[in-house]
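This report describes the secondary structure, packing and charged pairs of the model shown below. Please keep the structure at hand while reading.

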Amino acid sequence: FLHGIGAGCRTAAAAYAQVAADLITLHAQLFADHGGAMVETTESGSDPASLGMRIADALRRKLAAGSG
């Protein structure tokens, strides 16, 4: 997730994962660099790397579109 959004030490982002059997549910938030805008999404999957990249892509698209 952090790699997918290009996060650095000053990136305002949060993620919380829950695991049940082989299913990972990840809830994540990303805040705009300039402040004010926040987007969030929740997705589930069994492959952690793929799930993190899907979440990152969804958040970047939402932030670019200006929607939460």
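## Sheet architecture

Three strands form an open sheet in the order 1-2-3, and their pairing is antiparallel; two strands are taken to pair if DSSP finds at least two bridges between them, while helices (H or I, at least four residues) and strands (E, at least two) are DSSP runs numbered from the N terminus. Strand 1 (13–20) and strand 3 (38–45) stand at the edges, and because each has a single partner strand, one side of each is left without a neighbour in the sheet. From one strand to the next the twist averages 10°, where axes are lines fitted to C-alpha atoms, for helices over the stretch in contact, and angles run from 0 to 180 degrees between N-to-C directions.

The model is predicted, and local features need pLDDT of at least 70, side-chain atom pairs count only at pLDDT 80 or more, and totals for chains, interfaces and linings use all residues. Residues are numbered from 1 along each chain as its sequence is written, and side-chain values use heavy atoms, with hydrogens and water left out.

## Strand pairing and helix packing

Strand 2 (residues 23–31) runs antiparallel to strand 3, and eight bridges join the two. His27 has Thr42 of strand 3 as its bridge partner. Helix 1 (residues 48–65) packs on the sheet, where it touches strand 2 and strand 3, and its direction makes about 150° with that of strand 3; contact here means heavy atoms within 4.5 Å.

Thr41, which lies in strand 3, counts as buried at 13% relative accessibility, given that buried means under 20% relative accessible area, exposed over 50%, and partly exposed in between (1.4 Å probe, protein chains only). Leaving aside neighbours within four places in sequence, Thr41 is in contact with Leu26, His27, Ala28, Ile55, Ala58, Leu59 and Lys62.

## Salt bridges

Two salt bridges are found in a search of the whole structure, a salt bridge being a side-chain nitrogen of Lys or Arg within 4 Å of a carboxyl oxygen of Asp or Glu. Arg54 pairs with Glu43, their closest N and O atoms being 2.9 Å apart. This pair links distant parts of the chain, with Arg54 in helix 1 and Glu43 in strand 3, 11 residues apart. Arg54 is partly exposed at 32% relative accessible area, and Glu43 is likewise partly exposed, at 22%.

Asp57 and Arg60 form a salt bridge through their side chains, at 2.5 Å from N to O. Both residues lie in helix 1, three residues apart, about one turn of the helix. Asp57 is partly exposed with a relative accessible area of 28%, and Arg60 is partly exposed with 35%.
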